Amino acid sequence: AARASLPGSATSYTGQGFDACTAPGVAQMQTWLRLSPYRAVGIYIGGSDRACAQPNLTSSWVTQEQQAGWHFIPIYVGPQASFGEITSAASQAVSAAQDAVSQARQLGFGPGTPLYYDMENFPASLNTRVLRFATAWTKELHLLGYRSGFYSNSDSGIADLVNNYANTAYIMPDVIYDALWNGAANTSDPILPTTEWAAHQRIHQYQGGQNVTYGGVTINIDQDYLDVQ
């Protein structure tokens with residue numbers, strides 16, 4: 001059964017955040033809430049290619065951290081184009097979206113929540129396949145009452161979306177999660193026109209894979225800047 005829905009503010013935030021492969025423990029989150037600049041955390045809610053176990057990631061953890069003042073980026077890591085795992089783009093994306101919604105509901109993320117598909121960097125030869133996948137992911141999430149987010153590298157998946165923004169053959173995600181490790185804590189990217197995903201519809205992952213310490217608590221994180229409302 002689905003949990004009681006968190007408020008919409010749980011996934012809306014403008015400011016700095018981070019994502020870690022494993023959701024940190026409560027004590028770690030409390031320390032970082034006091035001492036770090038971050039107020040949003042990326043959590044890996046499911047998917048066949050999710051890399052880390054999630055012993056802390058429960059509905060009670062999410063509720064407790066939301067009430068403490070944290071916001072969330074719910075990330076789903078399903079089949080990856082770069083590994084040759086996308087063989088039937090539309091049907092695989094529909095299955096991924098359905099499972100992502102199921103996992104999100106268990107954690108308390110209700111309708112209207114953006115769920116972010118993590119599509120790691122892939123070769124240009126797979127552009128069309130990924131665009132079909134992204135379209136089916138977005139379409140199915142919309143049918144299920146959720147918003148669509150899509151994470152990818154600036155010069156692969158995000159560039160493909162930009163290049164096809166007006167192409168009616170594809171449905172664009174509601175929010176983009178742009179990996180461009182330029183160290184800039186903002187949502188700008190030279191490939192992104194200012195008129196696209198302009199209504200508080202962007203996350204920028206601006207630094208990756210660093211050990212960061214606050215209050216004696218060290219976590220290996222990617223650093224993000226959100227403008228999602």
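Analyst: Happy to. Helix H4 (residues 127-143) lies across strand S3 (71-76), S4 and S5, and H4 runs at about 155° to S5. Contact here means heavy atoms within 4.5 Å, and angles run from 0 to 180 degrees between N-to-C directions of axes fitted to C-alpha atoms, for helices over the stretch in contact.

User: What should I know about the model and the numbering?

Analyst: This is a predicted model, where local features need pLDDT of at least 70, side-chain atom pairs count only at pLDDT 80 or more, and totals for chains, interfaces and linings use all residues. Residues are numbered from 1 along each chain as its sequence is written, and side-chain values use heavy atoms, with hydrogens and water left out.

User: Which strands make up the closed barrel?

Analyst: Eight strands, in the order S1-S2-S3-S4-S5-S6-S7-S8, with mixed pairing. Neighbouring strands of this sheet are turned by 35° against each other on average, direction ignored. Helices (H or I, at least four residues) and strands (E, at least two) are DSSP runs, numbered from the N terminus, and two strands pair if DSSP finds at least two bridges between them.

User: Which helix packs on S1, S2, S7 and S8?

Analyst: That is helix H1 (residues 26-35), whose direction makes about 60° with that of S8.

User: Is S2 enclosed or open to the outside?

Analyst: Seven of the seven residues of S2 are buried, so S2 is largely enclosed by the rest of the structure. Buried means under 20% relative accessible area, with exposed over 50% and partly exposed in between (1.4 Å probe, protein chains only). S2 pairs in the parallel sense with S3 over six bridges, and Ala 40 stands opposite His 71 in S3.

User: And how do S7 and S8 meet?

Analyst: They run antiparallel, joined by 11 bridges. The two form a hairpin with two residues between them, and Gly 215 in the turn has a positive phi of about 60°.

User: New topic: how much space lies in the largest pocket?

Analyst: About 290 Å³. A pocket is an open set of points on a 1 Å grid over the protein atoms alone, where a 1.4 Å probe fits, with protein on both sides within 12 Å along at least five of seven lines. Its volume is the space filled by probe spheres set on the points, which are joined across faces, edges and corners.

User: Which residues are closest to its centre?

Analyst: Of the 18 lining residues, Cys 21, Tyr 44, Ala 51, Asp 118 and Glu 120; lining means having an atom within 4 Å of a point. Strand S8 (residues 217-228) gives the largest share of the lining, three residues.
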